[in-house]
Amino acid sequence: MDQEDRIALFLDYENLAIGAREHLGGMTFDLRPITDALAERGRVVVRRAYADWSYFDEDRRLLTRSHVELIDIPQKMGASRKNAADIKMAVDALQLAFERDYISTFVFGTGDSDFTPLVHKLRELNKRVIGVGVEHSTSALLPPACDEFLYYDRLEGVEIRPARSRGGRTPTAAARQPETAPPPLEQEVEPVAAPEGPGRDADALAVLVAQTVAGLQGSSGGTVSASTLKRTLLRKDPTFNEGDFGFRTFGELLRHLAERNVVELGEGPAKGDPEVTLPEHGERETAFGLLRSVVADLDRNAGPVALSGLKNQLRRVQPDFSEKKLGYRSFLQFCKAAATAGAVDLRWDNETDDYLLTGAARG
């Protein structure tokens, strides 16, 4: 445990909550995707959120259950209340940096560029700084200042309502709907076809482990030992126990997943602590082939294929398809990996406000 990063989490709650509501289809901000992402990076020892909590009554109860210390900024004078919250958060962060040497990482949940000088100062003090913000409400100045920046919209567990299924689209976009009726219908039913809730079954276990190994590999860039993986799973879910899945030990669980080609096991840093990696080929290559085949068929019949609804098309061919089992945090990430591998071509299209896929050109 002495080798683990200690993390202090500070939330500019009004910035996050309003950003989620205005830019993510009216969704309510959920802390869990952030804590799950941070569990792959270290041990969170401080959790504080700053806001005028009279505006966030239900949120306050949810955050309290997540052991977040709520700092109330009760002034109700427009911009001055916001400034007071920002200043209080900055002062508290600097005080903690000087008084708690063991805290190595500071995480700021905000998209406000006003915190950029604070980020620079903490990095001068040899602290690692991670930012978290809603993509379309985050200032372009803030992410480059941080050691790492996580867009809340892209975190695992954030389910964004389809923008085109709500009002407020331009007449041109609305007029396009009848011509592309099948994709929106698929987009609406896709969340139903792919439930991501917690469970104590084999598929849920495979998804959980694959996502966690992928996250650890991406954040550390090094090897992932079985002991590190187990600690991270416990950070994500303190109630995690391999016995709930029918295994006597964590090693037995990993061997079972290795037999299913979910992970690969190799010699680790110590006896009984193997290295855990994701398969480089096998199922992923098969999944890329499935995507290439489906996109080629649709492209041949109707032209470029929209990302929205494509996942359901794959499931019509292979009902048990799940990018999560392959270690990808989202279907878009899976498609980007397939494009990098040359299986498909992927590009953003401003006219349709969506990614379009076509069969990869053959040289």
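In which sense do strand β4 and strand β5 pair, and over how many bridges? In this predicted model, where local features need pLDDT of at least 70, side-chain atom pairs count only at pLDDT 80 or more, and totals for chains, interfaces and linings use all residues, strand β4 (residues 103-109) and strand β5 (residues 128-133) pair in the parallel sense over 5 bridges. Residues are numbered from 1 along each chain as its sequence is written, and side-chain values use heavy atoms, with hydrogens and water left out.

**The sheet**
- Six strands, in the order β3-β2-β1-β4-β5-β6, form an open sheet with parallel pairing, where strands are DSSP runs (E, at least two residues) and two of them pair if DSSP finds at least two bridges between them.
- The edge strands, each pairing on one side only, are β3 (69-72) and β6 (148-151).
- Neighbouring strands are turned by 20° against each other on average, direction ignored, with axes being lines fitted to C-alpha atoms and angles between N-to-C directions running from 0 to 180 degrees.
- Phe-106 stands opposite Val-129 in β5.

**Helix on the sheet**
- Helix α1 (residues 13-23) packs on the sheet, touching β1 (6-12), β2 (43-51), β4 and β5 (contact means heavy atoms within 4.5 Å), and its direction makes about 65° with that of β1.

**Helix pair**
- Helix α12 (residues 283-302) packs against helix α13 (residues 310-317) at an angle of about 110°, their axes 10 Å apart, which makes α12 roughly perpendicular to α13 (65 to 115 degrees).
- On the α12 side the contact is made by Leu-290, Leu-291, Val-294, Val-295 and Leu-298, and on the α13 side by Leu-310, Gln-313, Leu-314 and Val-317.

Conventions: Helix = DSSP H or I, 4+ residues; strand = E, 2+ residues; numbered from the N terminus. Parallel < 35°, antiparallel > 145°, perpendicular 65-115°, else oblique.
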